[in-house]
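Hello,

Please find the structure below, handed over for your use. My notes on it follow.

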Amino acid sequence: MNRKALKTQAKITLKRHYWLILVLCLFAAFLGVEYGSTLWATDYQNPAVVSSSADETTVTSGAASDHLSSNGISDLLEKIIAGDDAGAKQQVEQSQKSIQDNDHNATFGRSRGVFATVLNSFSTGSVILSVTNAMSSILHSRGGAAILLVLASLAVYLFVWLFIRETYLVVSRRMVLESRVYEQVPIHHMMFPLRTRKWASIAWTMFVKSVFLTLWWLTIVGGIIKTFSYMLVPFIIAENPSIKACDAITLSRRMMRGHKWECFVAILTFLGWDILSTCTLGLTGIFYSNGYKASFWAEYYTYLRGTAKQAGLQGAEQLNDTFLFEKAPADLLERTYADARTAISEVDAQGETVGAPKGFAGWLADWFGIRIMRSKQVSAWEDYQGKMHASKTGRALLAAQMYPVRLSPIPMKDKNINIGGLNAARSYSLLNLIMMFFIFCIIGWVWEVALCFIDEGVFVNRGTLHGPWLPIYGTGGVFILIVLKKLRKHPVAEFVAAVALCGTLEYISSWHLEMTKGQRWWDYTGYFLNINGRICAEGLLVFGLGGLAIVYLVAPTLNQLLDRINRKALLCVALVLLVSYIGDQVYSAQHPNSGHGITDTGSSSVEVRQ
């Protein structure tokens, strides 16, 4: 084995798909299947801890965490099984009170919001108590409910371990193997177990491998040896998920015969990187060495696979995904993806008759997605651009830049080469943008009024205005469409930019209202990951996901519906809405909407006097 050559190729793969491999390794670390040591420095610690005993539950400060220890969970389950409902309830309530009393971190709030509720329900054990109560009410037996809870917890653990964690190990191997050969690796290829309909088979193989390895570890020496013998199993089923569990394990053992020592030496060559990662609190591991190792082991498997195929090793014929390791011939791709070639030819033919719009109208549509007036040239160009973007997958397949799913020996769900549908890259007329502004404003108002009604049981006219609209929703929605026009071809960048844009807008709006009106209309103090109570993580997440929905689904759909309405009638509606809105703004400037549920936004909210 030429280890230097394998490492050189690994560096090339990592450089070409840096962010993809980085994210794959980061997910593996979070799931705890690999590289977990690189995340130790990011563990969040809170000043409260619940320490429990059989007789009492006490709350102390300055300890390492605020969640139930393993002893606390055991004590809670013991109380539930013993029928000590009062003691179990008291333990959970004291845990919750501990979190409330120690919620002094302005950013990592734990007293309000969806994120905080979810975190607290698990960290205090309230979710365990709630599930047990629900089960016992059905079974009329506290002991039976506790037993079912334990069995259900075991089932959930096994599912997460086998179908999520262990399966992800196979998925990450598959993605890195594709990265070796192809310039493009679509993110939806992470659905490999579902697309091949072999999720259960993959999980079973990993389970059998884990059982065998556990048994071998009883002999200690055997566990060390078999760890190396079985290390290729995830790669083997990443290539062929239909292989039987024992066949995959046997094949890995045969392929590693005579290579265990060189594998051990290869691991030692990364020891320096591991030490550096520890010294840098895991940063060099996250941003480089984890991906470097992942790429290297993909190269190592490819080397051993080639050796096994060349030697005619028994079972090597099941390693049959040829185009996972080399590109398919051009003529084969042309025959396999003939429909893609036809669709691309039609798009190219259209491009010969369509030119990019010029002048101010073209610039406005290109950079901001705005059309002052109807323009056939702009419409034709945008239709062509939309089809060009949609046909990128077909072009990449025909150019052998992407793994050819149709040539896989394992049948997979294959997306059709579709160049129709909604065009997210289009521009919008000024009239349609005005109507969308009011639609977003009204939807936002209905959303907040409904939430308040569910929470408090009363109708509250949310917002600074008196009409049924919240300008921040309309402004944010329209801003995403026009300011982020150039990012629509990149969904990930669009999401990040939407979060930043809407977060900035909400923060500035909160600050402006507080400085000019002397009051707060919303306050996220106590929410997990908030900044000065003006913005919070779960709100930003909603903004980001909502922004994606607006750009790729809602706005194109609304635009189609609005285009079907008579333009004169639509213009009249827009004028009425504008006049009403401006009037509301003028009146509310002197008499802002305020009162219960509007400006008294929580116990931490105070009126700011100028």
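**Salt bridges and backbone**

Glu 239 is buried, at a relative accessible area of 1%. Here buried stands for under 20% relative accessible area, exposed for over 50%, and partly exposed for what lies in between, using a 1.4 Å probe and protein chains only. The model is a predicted one, in which local features need pLDDT of at least 70 and side-chain atom pairs count only at pLDDT 80 or more, while totals for chains, interfaces and linings use all residues. Residues are numbered from 1 along each chain as its sequence is written, and side-chain values use heavy atoms, with hydrogens and water left out.

The side chain of Glu 239 forms a salt bridge with that of Arg 305, at 2.9 Å from N to O. The two residues are 66 apart and link distant parts of the chain, with Glu 239 in helix α11 (residues 233-239) and Arg 305 in helix α15. Arg 305 is buried too, with a relative accessible area of 10%. A salt bridge is counted when a side-chain nitrogen of Lys or Arg is within 4 Å of a carboxyl oxygen of Asp or Glu. That rule gives 15 salt bridges. Helices (H or I, at least four residues) and strands (E, at least two) are DSSP runs, numbered from the N terminus.

Another pair is Asp 331 and Arg 335, whose closest N and O atoms are 3.7 Å apart. Both sit in helix α16 (residues 330-336), and because they are four residues apart, about one helical turn separates them. Asp 331 is partly exposed at 45%, and Arg 335 is exposed at 57%.

Arg 395 and Asp 348 also form a salt bridge, with 2.8 Å between the closest N and O atoms. This pair links distant parts of the chain: Arg 395 belongs to helix α20 and Asp 348 to helix α17 (residues 338-351), 47 residues apart. Arg 395 is partly exposed at 27% relative accessibility, as is Asp 348 at 32%.

Now the backbone. Most residues other than glycine have a negative phi. Leu 281 is not a glycine, yet has a positive phi of about 60°. Leu 281 is in the loop between α14 (271-279) and α15 (283-311), and is partly exposed at 47% relative accessibility. Ala 400, also not a glycine, has a positive phi of about 55°. Ala 400 lies in the loop between α20 (392-398) and β4 (428-429), and is buried, with a relative accessible area of 11%.

Regards
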